Amino acid sequence: MSSSDPKTGPKPGPWPPAPESSAMPPSTWAKRTGFRPKFSGESAASDSGQASLPASVRARQPDNQPDLEAGQARPRPPPPVAAVANGETDKDKNEKTQPPPPPPLPRPPPAAAIAPVKDQPVKRRRDSDGAPGRSNGPDGANGSGDPVRRPTRIEENVEVLPQSMDDDLGARSLHMKYGLRDTPGLVPIGFYGLQHYLSMLGSLILVPLVIVPAMGGSHEDIANVVSTVLFVCGITTLLHTSFGSRLPLIQGPSFVFLAPALAIINSPEFQGLNGNNNFKHIMRELQGAIIIGSAFQVVLGYSGLMSLILRLVNPVVVAPTIAAVGLSFYSYGFPLVGKCLEIGVVQILLVVIFALYLRKILVLGHRIFLIYTVPLSLAITWAAAFLLTEAGAYTYKGCDPNVPISNVVSSHCRKYMTRMKYCRVDTSHALRSAPWFRFPYPLQWGVPIFSWKMSLVMCVVSIIASVDSVGSYHASSLLVASRPPTRGVVSRAIGLEGFTSVLAGLWGTGTGSTTLTENVHTIAVTKMGSRRVVELGACVLVIFSLVGKVGGFIASIPQVMVASLLCFMWAMFTALGLSNLRYSEAGSSRNIIIVGLSLFFSLSVPAYFQQYGISPNSNLSAPSYYQPYIVASHGPFKSQYKGLNYVMNTLLSMNMVIAFIMAVILDNTVPGSRQERGVYVWSASETATREPALAKDYELPFRVGRFFRWVKWVGI
């Protein structure tokens with residue numbers, strides 16, 4: 001039977017009406033953690049701010065759910081139009097909190113008075129929620145005047161990185177202690193500057209502690225290279241905060257350059273060298289390759305080509321590329337920790353406990369354990385190892401740890417030489433032999449040697465380093481600046497990074513200088529976004545580099561502790577790379593497949609190149625943790641040009657290169673909407689004229705920018 005009669009109008013239904021099924025409320029874990037997926041059933045209303053709107057207002061909102069696979073919004077079919085009785089639909093009745101039983105319904109009006117809902121003016125829709133005094137107002141009162149009972153929500157302050165330019169722009173300053181252009185007092189600047197650099201201690205000092213021993217350098221060489229790295233980091237950071245992106249980003253020896261440096265160090269032509277001659281010769285080869293690769297990066301940035309490359313670089317490209325950098329060193333991490341498990345495992349456990357379990361403990365208002373994870377864990381483990389060494393735990397009768405293992409004749413001592421070398425803390429004489437004052441100077445290792453095949457490898461690596469920096473620029477700008485930088489500012493910053501890497505090559509740090517990825521995590525944890533803090537810390541870094549004992553002290557860190565810290569740093573590097581997916585739709589099958597393929601083949605393809613031509617019984621001179629980097633001597637790419645063989649075998653054995661190639665091709669050829677791909681949103685150049693804050697954030701100091709206004713592609 002029909003529910004309405006054309007003569008008498010619609011018949012009233014039974015009272016009370018059957019309630020409609022409502023969506024399940026957000027689960028408890030989502031409330032606690034602040035989890036807000038972009039296109040889940042829980043966040044469709046909360047993200048757009050509709051959860052707090054009345055039901056009648058939500059009914060007017062267009063109910064379009066984006067179809068991630070089709071790349072466009074897929075409208076739902078409109079609900080059937082309900083008949084109106086007394087200006088109120090059955091749906092509107094059901095959305096209200098049920099009042100006490102009403103009096104008998106009046107006789108419905110004739111059919112001529114009935115009008116469909118769509119013909120009613122929108123401005124009167126609010127009145128259709130009920131009679132005056134009984135509507136669901138924004139104050140939470142229902143029609144009877146009683147407040148609507150809502151579930152109590154216990155919120156936890158969960159620190160998350162911003163996900164877009166529109167994500168809490170106004171609340172950003174509430175989470176940061178100091179913004180980009182803030183200048184706190186001298187005491188806060190000094191305190192926060194020291195805190196900022198101590199929190200990134202591992203990223204600044206660990207790379208030279210890996211490459212110098214691989215080159216055959218002595219403890220004195222390690223101390224000198226560490227001092228040089230500190231000096232160059234301070235100078236390049238000052239240049240970048242003044243004439244680069246102007247964001248509070250520390251420049252230093254990035255892990256991106258570590259794999260190609262190890263590949264060059266383990267080249268076949270260097271296997272016959274030994275001792276100090278080996279170190280100086282390889283360092284000069286590295287200097288030449290870094291200078292040429294960095295010069296290519298300068299051209300990439302200042303010519304404006306980087307603005308074109310930015311169209312191909314999106315979060316789905318940056319995430320697997322940077323993650324592959326951290327995953328590529330798995331063969332170096334724990335195999336070296338296993339040389340002295342009681343020291344290395346304790347170091348790893350302390351890092352995990354401080355960074356995770358004790359991260360929310362406040363000491364004098366600061367999260368000491370989270371901010372100083374690396375220096376605290378290193379100090380405790382080093383002290384414990386010193387006590388064990390002094391107690392004689394690693395002392396064996398008739399055995400001298402300072403004698404090379406090749407000169408040891410006794411089988412008893414040979415058995416314990418490895419344990420003595422890696423567990424004792426007094427085997428290094430770098431602190432005693434280091435001078436009190438040493439000024440790092442250019443070309444201190446000799447004139448650089450330029451080789452086209454090694455330089456070509458570094459040119460490709462400089463592109464990946466630029467991709468890494470692009471992700472850091474965007475993420476840090478959402479934390480500290482008014483808006484993301486323009487494409488011209490990004491190009492200018494990449495060009496300056498190339499110039500600072502040329503300085504690193506001239507001074508001989510062994511790697512290029514680029515924006516450290518860990519900057520984003522440090523800014524989010526310390527809540528310090530002032531560039532003045534970073535600049536003062538850079539000046540202190542330059543002063544420390546002139547004190548030779550500082551470099552000698554850092555060079556004295558036992559190698560097992562270095563490997564333990566690197567396990568944490570590389571894991572952090574991987575996680576920071578994958579965190580770039582928060583700017584895209586991480587739940588889209590398109591992005592999941594692209595990232596999964598890029599990561600898998602970044603591990604599988606290099607493994608094929610690294611294992612090609614090596615039999616299980618091969619007697620390789622290099623240690624097991626260096627074997628992935630000797631592929632140039634036995635790779636599968638073979639042609640009549642030995643230089644081309646070297647370049648192809650070396651590049652295709654690098655995990656980050658394979659991940660970058662896979663991600664760039666797939667992300668720019670597989671169809672997907674801008675929202676799904678998470679295309680980086682950079683500020684337009686015209687915005688600077690409308691918003692003075694943007695110009696103040698990124699304009700060059702001392703009115704230098706007015707001399708380069710004609711260079712549109714590297715300006716604001």
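**Cavities, salt bridges and a surface patch**

Modeller: Happy to. A search of the whole structure, which is a predicted model, finds 6 cavities of 30 Å³ or more.

Colleague: How much space lies in the largest cavity?

Modeller: About 200 Å³. The lining of that largest cavity has 21 residues, and those nearest its centre are Ser-328, Gln-610, Tyr-629, Ser-653 and Asn-655.

Colleague: And which helix gives the most to that lining?

Modeller: Helix 25 does, with 4 residues. Helix 9 (258–265), helix 25 (589–611) and helix 27 (655–669) each supply at least two.

Colleague: How do the residues of that lining divide into nonpolar, polar and charged?

Modeller: For the largest cavity there are 15 nonpolar and 6 polar residues, with no charged ones.

Colleague: What about the second largest cavity, how much space is in there?

Modeller: About 100 Å³. Its lining has 13 residues, with Gly-471, Thr-517, Val-520, Leu-576 and Asn-580 nearest the centre. Helix 12 (315–327) and helix 19 (452–480) are the elements that give two or more residues to this lining, and helix 19 has the largest share, with 4 residues.

Colleague: Which kinds of residue are in that lining?

Modeller: The second largest cavity is lined by 6 nonpolar, 5 polar and 2 charged residues.

Colleague: Let's switch to salt bridges. How many does the structure hold?

Modeller: There are 7 salt bridges. One of them joins Arg-181 and Asp-697, whose closest N and O atoms are 2.6 Å apart. Arg-181 is in the loop between helix 5 (172–175) and helix 6 (186–199), while Asp-697 is in helix 30 (residues 692–698), so this pair ties together parts that are 516 residues apart in sequence.

Colleague: Is Asp-697 buried or exposed?

Modeller: Asp-697 is buried, because its relative accessibility is 2% and the cut-off for buried is under 20%. Arg-181, at 42%, is partly exposed.

Colleague: What does Lys-453 meet in a salt bridge?

Modeller: The side chain of Glu-269, at 3.2 Å from N to O. Lys-453 sits in helix 19 and Glu-269 in the loop between helix 9 and helix 10 (275–302), so parts 184 residues apart in sequence are tied together. Lys-453 counts as buried at 19%, whereas Glu-269 is partly exposed at 38%.

Colleague: And how many residues apart are Glu-535 and Arg-532?

Modeller: They are 3 residues apart in helix 22 (residues 531–545), which means about one helical turn separates them. Glu-535 is buried at 13%, and Arg-532 is partly exposed at 33%.

Colleague: Which residues are linked in a network of salt bridges?

Modeller: Arg-590, Asp-667 and Arg-677 are.

Colleague: Now the surface. Which residues form the nonpolar patch there?

Modeller: Phe-334, Leu-341, Val-345, Leu-349, Val-352, Ile-353, Leu-356 and Tyr-357, with about 740 Å² of accessible area together. Helix 14 (residues 341–357) supplies the largest share of the patch, 7 residues. Leu-341 has its place in helix 14 and is partly exposed, at 43% relative accessibility.

Note on methods
Residues are numbered from 1 along each chain as its sequence is written. This is a predicted model: local features need pLDDT of at least 70, side-chain atom pairs count only at pLDDT 80 or more; totals for chains, interfaces and linings use all residues. Side-chain values use heavy atoms; hydrogens and water are left out. Patches are made of residues with over 30% relative accessible area and no salt bridge: like charges are joined within 9 Å, nonpolar side chains (Val, Leu, Ile, Met, Phe, Trp, Tyr) within 5 Å. Accessible areas come from the Shrake-Rupley method with a 1.4 Å probe; for residues, only the protein chains shown count as cover. A salt bridge is a side-chain nitrogen of Lys or Arg within 4 Å of a carboxyl oxygen of Asp or Glu. Buried means under 20% relative accessible area, exposed over 50%, partly exposed in between (1.4 Å probe, protein chains only). On a 1 Å grid over the protein atoms alone, a cavity is a set of points where a 1.4 Å probe fits but cannot get out, and a pocket is an open set with protein on both sides within 12 Å along at least five of seven lines; lining residues have an atom within 4 Å of a point. Grid points are joined across faces, edges and corners, and a volume is the space filled by probe spheres set on the points. Ala, Val, Leu, Ile, Met, Phe, Trp, Tyr, Cys and Pro count as nonpolar, Asp, Glu, Lys and Arg as charged, and the others, Gly among them, as polar.
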